[in-house]
Amino acid sequence: MTAVPLAHEVLEGSGARPPLVILHGLFGSHGNFQTVAKAVARRRGSKVLTLDARNHGNSPHSPLMTYEVMSLDVQHLLARLGITKCILLGHSMGGKTAMTVALQRPDLVERLISVDVSPTSTTAVSEFSAYISAMKSVSIPDGLPRSTARRLADDQLRPVVQLAQLRQFLLTNLVEVEGRYIWRVNLEAISHHLSDIMNFPVFHKPYPGPTLFLGGSKSPYISPKDYPEIQRLFPKADIQFIEGAGHIVHQDKFEEFITAILNFLPPP
């Protein structure tokens, strides 16, 4: 297994507290959490890092896409930046990567926040393979203005991806390279490893640090049937739900999300 050098952004903070490191979800990028990062950095005064996962955003592409290797990417970045302890926050796929890092290297993770995802299989609530097929079949003529290209891609995705909010999210990955429109996410690697991404690796030794599972009350991704596994792997876990939020908790209920995060973090 080889780590890839992850693209990332750093918001500098004062003080010597461990930085908050934020990992986005599938088809996302570090930009999804910029407003969260800025709010936490401003209100808490500590350093915040947002990362692009492999095959996402500006990070390199690689055919491998398992949680073990995505965890290794994060560990390598922390080592490269001289970070020996951090607070990890991950959403969805990023939450599973964060849990993997904490379970493999508890010495690196002072505390852990998993946003709307459990350490279990999420296959039952996933339509992602249909989204990938729809994205692969999008066809846009070269040389179009960006707004036209986006509108065209939106029209082509609509039959499969009915939710406008989700289409807008997927379309953040449509980029122009020398007049041609391509997806910046590695759809081949993602579709090939989709079952790995929807599942979770097997671990026996629990993570002993404080952990927050923060779900949306309208989302099915953290359910009572997951509680025994959460307790087994994260004995210090606190499970909270933000009322009225769906899967993209930080977008649906921004203020409530920031408050829950700041309440869980140790005082600066």
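User: What does G246 touch, not counting residues up to four places away in sequence?

Analyst: G246 touches D116, G216, K218, S219 and D252, where contact means heavy atoms within 4.5 Å. A friendly note before we go on: this is a predicted model, and residues are numbered from 1 along each chain as its sequence is written.

User: How far apart are the C-alpha atoms of G246 and S219?

Analyst: They are separated by 4.8 Å, although the two residues are 27 residues apart along the chain. G246 itself is found in the loop between β9 and α10 (249-252).

User: Why is G246 called buried?

Analyst: Buried means under 20% relative accessible area, exposed means over 50%, and partly exposed lies in between, using a 1.4 Å probe and protein chains only. G246 has 15% relative accessibility, so G246 counts as buried.

User: What makes L112 buried?

Analyst: Its relative accessible area is 0%, so L112 is buried by that cut-off. Among the residues L112 touches are L88, M99, Y207, F234 and F264.

User: Where is L112 placed?

Analyst: L112 is in strand β5 (residues 109-115). Strands (E, at least two residues) and helices (H or I, at least four) are DSSP runs, numbered from the N terminus.

User: How do you know that β5 and β8 pair?

Analyst: Two strands pair if DSSP finds at least two bridges between them. β5 and strand β8 (residues 211-216) have 4 bridges and pair in the parallel sense. In β8, T211 is the bridge partner of L112. On β4, 6 bridges join that strand to β5, again running parallel, and G90 stands opposite S114 in β5.

User: What makes β4, helix α3 and β5 a right-handed unit?

Analyst: A crossover is right-handed if, with the strands pointing away from the viewer, the path from the first strand over the helix to the second runs clockwise. β4, helix α3 (residues 93-104) and β5 make such a β-α-β unit.

User: Why is β4 described as mostly covered?

Analyst: 6 of its 6 residues are buried. C86, L88 and G90 are buried on one side, and I87, L89 and H91 on the other. In a regular strand the side chains alternate between the two faces of the sheet.

User: What is the strand order of the open sheet?

Analyst: Its 7 strands follow β1-β3-β2-β4-β5-β8-β9, with mixed pairing. β1 (8-11) and β9 (237-242) are the edge strands, each pairing on one side only.

Methods
Predicted model: local features only at pLDDT ≥ 70, side-chain atom pairs only at ≥ 80, totals over all residues. Heavy atoms only, no water.
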